[in-house]
Amino acid sequence: YTKGGLILDSKYQSYIQGATAAGLKVGLYLFSQATNEAEAVEEASLCVNLAQGYKISYPIFIDSEYANGAHSGRADGLDKATRTAVCKAFCETIKSAGYTPGVYASKSWLYNKLDAGQLSGYKIWLAHYTGETDYTGKYDLWQHTDKGSVNGIKGKVDLDISYLGY
């Protein structure tokens with residue numbers, strides 16, 4: 001969060017192979033700490049490389065929210081215009097590689113930290129933990145809780161609804 005290195009989840013390969021083997025549709029998610037468009041392109045390029053060799057059905061998402069909720073990340077202080085430009089650079093790189101790009105963000109983030117209107121050409125994954133969202137912008141997936149349960153998984157998990165139709 002503080003140095004800007006690209007760090008791969010140590011379980012990425014086993015997760016994507018297991019999900020694919022189970023017949024699940026998969027996409028990718030990157031938690032970004034890019035502070036400019038060049039770094040966003042670098043992050044997107046990593047995702048494109050990681051996607052190769054797998055059937056990617058869902059979008060490749062960027063998440064530019066605060067690091068650890070403690071405002072300790074190198075990108076936490078970005079202004080709205082810069083943060084939006086970072087997301088657009090990431091998404092355009094993903095798109096130019098032939099994948100579907102998207103932005104993951106909370107309702108508050110979409111209203112206050114991003115210019116959601118400039119992101120309308122990309123898939124939006126809304127995080128809003130409520131029984132019924134009142135977010136008025138466009139969204140394609142909705143993460144409605146972080147307290148869900150799934151058979152075979154210990155502990156609470158995020159639950160999402162996809163409106164993508166695939």
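These are my notebook entries on one predicted protein model.

**Ground rules**

I number residues from 1 along each chain as its sequence is written.

**Entry 1**

I began with β2, which spans residues 56–63. Helices (H or I, at least four residues) and strands (E, at least two) are DSSP runs, numbered from the N terminus. Is β2 mostly covered or mostly open? I found seven of its eight residues buried. Buried means under 20% relative accessible area, exposed means over 50%, and partly exposed lies in between (1.4 Å probe, protein chains only).

Next I looked up the partners of β2. It pairs with β1 in the parallel sense, over five bridges. Two strands pair if DSSP finds at least two bridges between them. V26 has I56 in β2 as its bridge partner. β2 also pairs with β3 (residues 101–106), again in the parallel sense, over four bridges. There, I60 is bridged to P101 in β3.

I then followed the chain from β1 to β2. Together with α2, these strands make a right-handed β-α-β unit. Right-handed means that, with the strands pointing away from the viewer, the path from the first strand over the helix to the second runs clockwise.

**Entry 2: salt bridges**

How many salt bridges does the whole structure hold? My search found four. A salt bridge is a side-chain nitrogen of Lys or Arg within 4 Å of a carboxyl oxygen of Asp or Glu. Side chains of opposite charge can pair when their charged atoms come close.

E39 lies in helix α2 (residues 37–51) and R74 in the loop between β2 and α3 (80–96), so the pair ties together parts 35 residues apart in sequence. R74 is partly exposed, at 30% relative accessibility.

Another joins D140 and K138, with the closest N and O atoms 2.8 Å apart. D140 is buried at 12%, whereas K138 is partly exposed at 37%.

I also noted D146 with K147, where the closest N and O atoms are 3.3 Å apart. D146 is partly exposed at 30%. K147 is exposed at 59%.

**Entry 3: the largest pocket**

I looked up the largest pocket and its space: about 1,600 Å³. On a 1 Å grid over the protein atoms alone, a pocket is an open set of points where a 1.4 Å probe fits, with protein on both sides within 12 Å along at least five of seven lines; lining residues have an atom within 4 Å of a point. Grid points are joined across faces, edges and corners, and the volume is the space filled by probe spheres set on the points.

Which residues lie nearest the centre of this pocket? They are D9, G27, L28, Y29 and L30, out of 44 lining residues. The elements giving two or more residues to the lining are α1 (12–21), β1 (26–31), α2, β2 and β6 (157–162). I sorted the lining into 28 nonpolar, seven polar and nine charged residues. Ala, Val, Leu, Ile, Met, Phe, Trp, Tyr, Cys and Pro count as nonpolar, Asp, Glu, Lys and Arg as charged, and the others, Gly among them, as polar.

**Entry 4: one tryptophan**

Last, I checked W109 in helix α4 (residues 107–112). W109 is buried, at 5%.

Note on methods:
This is a predicted model: local features need pLDDT of at least 70, side-chain atom pairs count only at pLDDT 80 or more; totals for chains, interfaces and linings use all residues. Side-chain values use heavy atoms; hydrogens and water are left out.
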